[in-house]
There are 6 protein chains.
Amino acid sequence: MRGLTPAWGPESAEGWLDSYLSAAAVLDTLRTYEGPCDAVVMAGFGEHGREGVRELMDVPVVDITEAAAHLACLLGRRYGVVTTLERSCGQIEDSLDTAGVGRNCAAVVGTGLGVLELGDDRRTEEAFVAAAERAVAAGAEVLVLGCAGMTGLQRAVGEKLGLPVVDGVGAAVKLAESLVTLGLTTSRAGSYAKPLPKRRGWGRPAE
Amino acid sequence: MRGLTPAWGPESAEGWLDSYLSAAAVLDTLRTYEGPCDAVVMAGFGEHGREGVRELMDVPVVDITEAAAHLACLLGRRYGVVTTLERSCGQIEDSLDTAGVGRNCAAVVGTGLGVLELGDDRRTEEAFVAAAERAVAAGAEVLVLGCAGMTGLQRAVGEKLGLPVVDGVGAAVKLAESLVTLGLTTSRAGSYAKPLPKRRGWGRPAE
Amino acid sequence: MRGLTPAWGPESAEGWLDSYLSAAAVLDTLRTYEGPCDAVVMAGFGEHGREGVRELMDVPVVDITEAAAHLACLLGRRYGVVTTLERSCGQIEDSLDTAGVGRNCAAVVGTGLGVLELGDDRRTEEAFVAAAERAVAAGAEVLVLGCAGMTGLQRAVGEKLGLPVVDGVGAAVKLAESLVTLGLTTSRAGSYAKPLPKRRGWGRPAE
Amino acid sequence: MRGLTPAWGPESAEGWLDSYLSAAAVLDTLRTYEGPCDAVVMAGFGEHGREGVRELMDVPVVDITEAAAHLACLLGRRYGVVTTLERSCGQIEDSLDTAGVGRNCAAVVGTGLGVLELGDDRRTEEAFVAAAERAVAAGAEVLVLGCAGMTGLQRAVGEKLGLPVVDGVGAAVKLAESLVTLGLTTSRAGSYAKPLPKRRGWGRPAE
Amino acid sequence: MRGLTPAWGPESAEGWLDSYLSAAAVLDTLRTYEGPCDAVVMAGFGEHGREGVRELMDVPVVDITEAAAHLACLLGRRYGVVTTLERSCGQIEDSLDTAGVGRNCAAVVGTGLGVLELGDDRRTEEAFVAAAERAVAAGAEVLVLGCAGMTGLQRAVGEKLGLPVVDGVGAAVKLAESLVTLGLTTSRAGSYAKPLPKRRGWGRPAE
Amino acid sequence: MRGLTPAWGPESAEGWLDSYLSAAAVLDTLRTYEGPCDAVVMAGFGEHGREGVRELMDVPVVDITEAAAHLACLLGRRYGVVTTLERSCGQIEDSLDTAGVGRNCAAVVGTGLGVLELGDDRRTEEAFVAAAERAVAAGAEVLVLGCAGMTGLQRAVGEKLGLPVVDGVGAAVKLAESLVTLGLTTSRAGSYAKPLPKRRGWGRPAE
């Protein structure tokens, strides 16, 4: 497994502007990537771009937002997502809806912590547990880590809450492996046909 | 992987009566099963029972109906299901809805073939392709084999249709493995708490 | 009106496993019942099986869950259901959804009392009223007794709450009588065709 | 049972203007009616006014649109409505939605016949059967007569179609009787509180 | 712009009976209006009748309920409506749903003030702000004045809340002007065809 | 009114990759634009980015996709969108859904013409009318030009179809003017807060 970080875009994605900028940067990174690749895992929780990557790549593409939700649906009747800032909640709800897994989402709640504030594990755990309790009150029986920067917390917070907690990165890797093993990849019929050949500029031309 | 067939129930499940009878028989089989078990895959497409098995077992439980839909959502914007008799379509729709993956289902269509008529591969393939075309006209970009008895056809019909075709059995095995690897199992909070201790009779008492 | 209790199944139904087991036992009871019968009322609130009974019987079939909701819709813009254990709420929600009457349900709430704890009327009434207030806060203008074991409480709790309270058993009997009088019974087109002739085992074979 | 016809309003209701005018005339008729009354059946299919009548009257109020749909839901997984002019279809869909029974409606279709053209039974039957076939193709397993002027046709068209056909007038009478027998009437909490005392003019003042 | 007040109907509209009566009176006023008219703005928030006026008039018709919601959708991801009495909330929800703009409505809440109690600006503002906070807690990012009698408060309450507040009357006037400028008016295809010629009585005949 | 075209991005947007790339380029154009600006109209039908622009700008932002739908809802009970390639239909559906105006959309259909093939008016009109008939068959009573490149055709195709046809560009300009006149702009509460200050690269760094 090889991690790629775009050479441009926002240093972290919080909000819609960051998310759209990041989507373009991710697409640019992948279209110019020359290494071998069996599948793509997109590791920006709630961020845009997965449909574009599906058009671009011949291999399976799994986004951690949808991946976490798919597995969470198998573990309880309703799930909840705990993310960073409140401003990201709506974006995540839209992402779950269009992925087709929004129905069993009881709540998306914020911890109030920014992406770059997740370094302090104890503080993050506490904020996660407090936010998770609001999701549980709304009906969640399973929780999802709503940011790739939270990966690694699932065991600790799961024990505190007494609930399964799904990490989207792990979920997406497993789903991508599953698709590869089963010989399945994105349909080219309809929505995710190959991008049409045309002129495209990837960033402001040098002046 | 070990296959279990209930010692009682219908010889095949086509319709709601068969499905409910089968659900009880599957539950009885599992509650009395004494072998080792890391996860349960339920292989009756569109059949009832998965929530009861989740209550009963401590290991992850994946139903092939939901499993196929979860993977299909990753492969196209809308998916379709091709099943056996038309009478089963509504049951499958309800199953997808409650599993939380009904939103992106464009259509559930029948081939007109009964479960026990699936033996003739050529005839089944033809019937599948004809029915699949109706699903594609309704917007499906990915197809799902809507009966465990169709397992094995995915490659042949996928090639004819030029579309990815998901076999629920393979999908469920991969999802179950994923959950096991990730250390995840059913939430006990809320819906899927352990069954309460009480007297239960599993079939008509001897007279 | 003749009451039938299955000769097997759970002594009470609380949760999905009980509900599926009960569905099979009810189907077995009805398929072997030889008395006269104008209609079937299924008296397990939120329990599975009604679609299977519709396949089996030529007479109208009414489940108390849907019946209570149908009448409640006529009495206020939104209704609420007060049931026994919280674990049953999700099952009831799914049952209302598939019956086509979930839209105007404001909330399904639990009293925390098990089915076999409903004997003490005063305690049950108090628990009902407390839970009902949560449903009213969620928008309910009418309430439904969410367990056949609560039948008889509708007048007392209705007076305390100042709201109409629907008992599903009474509602289902009236709806069944209505269908019989109007000469209507289950459609055989599509979903509820007669069960196909095949071998079926109703409970574990004697060893 | 006593039939009341408003002393004013449209001679038949086809479209929204007629429906709103009719609603006001029906309310005026009921507020000035002095006879005994156990329940009100509103016999304008798809017409407005039922919520206002619920505010006005202390007895149960049942509209034939919702009544037919409630019973149809008990007879098949999806129902269809066959009405007069195509222009009424949307109004009926809205009426079913707000009544909380729209989910299982597969289609509302028109025969192309106006309300006052329903006199010729043979022609109406033929038009009904032709339109019903479109509803069946859309998934309807049960049909509803979508106009009070069609009452009486249910047996003939039901036989031709091999499907149960629900007459809203009969359905509403039975539902109203059921509510009366069960001692239930409209909730005064929330939406359907009594109209506030105030000045109201019921029609253009004499000049 | 010319304001028309019906010569009959309720002195204010609070509840369904008032709303239906008002709809007929508004239709009567417009069908007998002989002045010039480029567009119709219907200024009863949450009141019935817009579809009937669309049938009647050849010019564009905009209702303040839908107008406020359309603009609110452009200003935030979710909006809330603050209206007069709680009894009107359901009616407004239904109006937004059928207008096609209910999805992004987070809440409709009441201030407890009747239409004719809105004269005291300070009291109304305080009640509005208190109710608005409940809508914000439910997710509203933009607010709508839920009664034409509140027009003029938008600036004051907007400043207190730090949120955009939409007045339906202003919104509807702007939308009506937009349609006129663009040369657009109501479609005659399907739902809003011209009323059929027939006898109609507009109010109780003189005795 | 001043038209801005991004200095980078795709030469036309057809599909998700183009749309995400275009969204970033539009954001870059606007963040570096130094002229006066009362409102922003985003003229890429069905394209991403509007929420990001709302975060970025202090003035009102209106996207032609949502604008056309908002006005279309005022002109008929259901509307349809006719766009360029079939591959864009799903993207438009998602855009309408998240904008909160998807409910009354009867269909989004493609003409099969690419964005850069719209130059031949006669051919485009014919393709539009043919596609529009499919939307009308699905229930549309009003149509929307589903590409900014179709602007100008509304009168001609409207006459041929006998239906109102909404051009999104004109609609968005009018809605933007309306918001400006009413003193309304995007809410900063919740979803569309200002972008956080952070490092962001807008395109591949020079090597």
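Q: Which residue in β6(E) does E:Val82 stand opposite?
A: This is a predicted model. In it, E:Val82 faces E:Leu145 of β6(E).

Q: How many bridges join strand β4 to strand β6 of chain E?
A: Four bridges join them, linking β4 (residues 79-83) with β6 (residues 142-145) in chain E, and the two strands run parallel.

Q: What is the order of the strands in that open sheet of chain E?
A: The order is β5-β4-β6-β7, four strands with parallel pairing. In chain E, β5 (105-110) and β7 (165-167) are the edge strands; each has a single partner strand, so one side of each has no neighbour in the sheet. On average, neighbouring strands are turned by 25° against each other, direction ignored.

Q: Which strands does helix α5 of chain E touch?
A: Helix α5 (residues 121-137) packs on the sheet and touches β4, β5, β6 and β7 of chain E. The direction of α5 makes about 150° with that of β5(E).

Q: And where does helix α6 of chain E lie?
A: Helix α6 (residues 154-161) lies across β6 and β7 of chain E, and runs at about 165° to β7(E).

Q: Changing topic, what rotation superposes chain E on chain D?
A: A rotation of 180° does so, with 0.0 Å of shift along its axis and an RMSD of 0.0 Å. This is the relation of a two-fold axis.

Q: Which C-alpha in chain E is nearest the axis?
A: That of E:Gly203, which is 1.8 Å from the axis.

Q: Why do the copies meet through the same surface?
A: Because 100% of the interface residues of chain E are also interface residues in chain D.

Key. Residues numbered from 1 in each chain as written. Chains lettered and ligands numbered in written order. Predicted model: local features only at pLDDT ≥ 70, side-chain atom pairs only at ≥ 80, totals over all residues. Heavy atoms only, no water. Least-squares fit on C-alpha atoms with pLDDT ≥ 70 in both. Contact = heavy atoms within 4.5 Å. Pairing = 2+ DSSP bridges. Axes fitted to C-alpha atoms, helices over the stretch in contact; angles between N-to-C directions.
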